[in-house]
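Thanks for asking me to look this over. Here are my notes, in the order I would go through them with the model open.

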Amino acid sequence: MDRESFDRIEAKGVERWLEGLREEFTSGQYAPKPLLRVWIPKSNGGRRPLGIPTIRDRVAQMAVMLVIGPIFEADLLPQQYGFRPGLDAKMALRRVYWHVTQHGRREVVDADLRDYFTSIPHSPLMRCLSRRIADGRLLHTIKGWLTAPVVEIVDGRAVQTTEARRTKRGTPQGGVISPLAANLYFRRFLLAWHGHGHRDQLDAHVVNYADDFVICCRPGNAEAALTRTQALMARLGLEVNTAKTRVARLPEEGFDFLGYTVGRYYGKDGRPYIGTRPSQKAVRSLLERIHERTSRQWYPDTPESTVARISSMLRG
């Protein structure tokens, strides 16, 4: 929104530009600029709002993340797999498979939180951050990133809103700091889940990736786990989306998690087994991306570039 581009920064001199940003930080003059609202399609036909910071604010957020990221990484729990070094979605899926097949936790709460990123309350999130950050100026800067105004282009006209400041909720998807904020706040749920004894009482184990999570339970315990989850999330200022949350009872029923369907399949000899395969939604999305990448607009591209790009898509 500040009309600053990478080309302009390079023309001015990257070192000079970075020095100017550093001086803003050290002098206390730095203040975040408005975010650009961009909408991306969701698989259900809806749209997801992104809040894109300026290059200046993205660099500032990354500089802060390089310092505080490793500090808070030590606090995150083993059940959290999203946006963490050395962990990925397939590792989360393997943990779910381990719970289901090795420990008989075949009732699974396939949970969905309503607008998680835009619902995180600022006050308790800032308390999470202040446990490790003593610098009040840095905390003020982070709060500024959370409450930055949003500018959206509507009918060729820039419209600015301040919903995050007004509601005191949300961390903008698109910001560098947002994945850490999401992990820190979900950690509060996990601490309560373990600390209040729900995990041990119900033999109900959470596997979390960003705003996605499932709870693998002993048969007969999933309904109680869902009820307790709803109560805990409400206390945290969050809401379980009941329309998209369900209990799956394996092997009769399967469920989708992180682009894969966990369910009953049959081997070549006809024997049933519990396994995983890419979900129909993930396959459909992949086919659409390949179709787009091989459309007429990409004809000028080289065959080598097209093959490399499609191979990258197939690898995931």
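1. A definition first, for the residue classes used below: Ala, Val, Leu, Ile, Met, Phe, Trp, Tyr, Cys and Pro count as nonpolar, Asp, Glu, Lys and Arg as charged, and the others, Gly among them, as polar. Please also keep in mind that this is a predicted model.

2. Let us begin with the cavity. The structure has one cavity of 30 Å³ or more, and the largest cavity holds about 40 Å³ of space. Its lining is made of Leu-125, Leu-129, Ile-142, Leu-146, Thr-171, Ile-177, Leu-180 and Ala-181. H6, helix H7 (136-146) and H9 are the elements that each give two or more residues to this lining. Sorted by class, the lining of the largest cavity has seven nonpolar residues, one polar residue and no charged ones.

3. Next, the helix pair. Two packed helices are described by the angle between their axes and the distance between the axes. For helix H6 (residues 122-130) and helix H9 (residues 178-195), the angle is about 95° and the axes are 10 Å apart. An angle of 65 to 115 degrees counts as roughly perpendicular, and H6 and H9 are therefore roughly perpendicular to each other. On the H6 side the contact is made by Pro-124, Leu-125, Cys-128 and Leu-129, and on the H9 side by Ala-181, Leu-184, Tyr-185 and Arg-188. By class, this contact of H6 with H9 has seven nonpolar residues, no polar ones and one charged residue.

4. Now to Glu-4, in the segment before helix H1 (6-12). What does the side chain of Glu-4 make a polar contact with? One partner is the side chain of Lys-12, at 3.1 Å, and another is the side chain of Trp-17, at 3.3 Å. Leaving aside residues up to four places away in sequence, Glu-4 touches Ile-9, Lys-12, Trp-17 and Ile-55.

5. Finally, two backbone details to look at. Most residues other than glycine have a negative phi, and most peptide bonds are trans. Phe-83, in the loop between helix H3 (55-73) and helix H4 (89-102), has a positive phi, near 55°. The peptide bond from Leu-250 to Pro-251 is cis, with omega near 5°; Pro-251 sits in the loop between strand E8 (246-249) and strand E9 (255-257).

Notes:
Residues numbered from 1 in each chain as written. Predicted model: local features only at pLDDT ≥ 70, side-chain atom pairs only at ≥ 80, totals over all residues. Heavy atoms only, no water. Axes fitted to C-alpha atoms, helices over the stretch in contact; angles between N-to-C directions. Helix = DSSP H or I, 4+ residues; strand = E, 2+ residues; numbered from the N terminus. Parallel < 35°, antiparallel > 145°, perpendicular 65-115°, else oblique. Contact = heavy atoms within 4.5 Å. 1 Å grid on protein atoms, 1.4 Å probe; cavity = no way out; pocket = protein on both sides within 12 Å on 5 of 7 lines; lining within 4 Å. Points joined across faces, edges and corners; volume = space filled by probe spheres on them. Polar contact = N/O pair within 3.5 Å; in protein donor to acceptor, adjacent residues only side chain to side chain.
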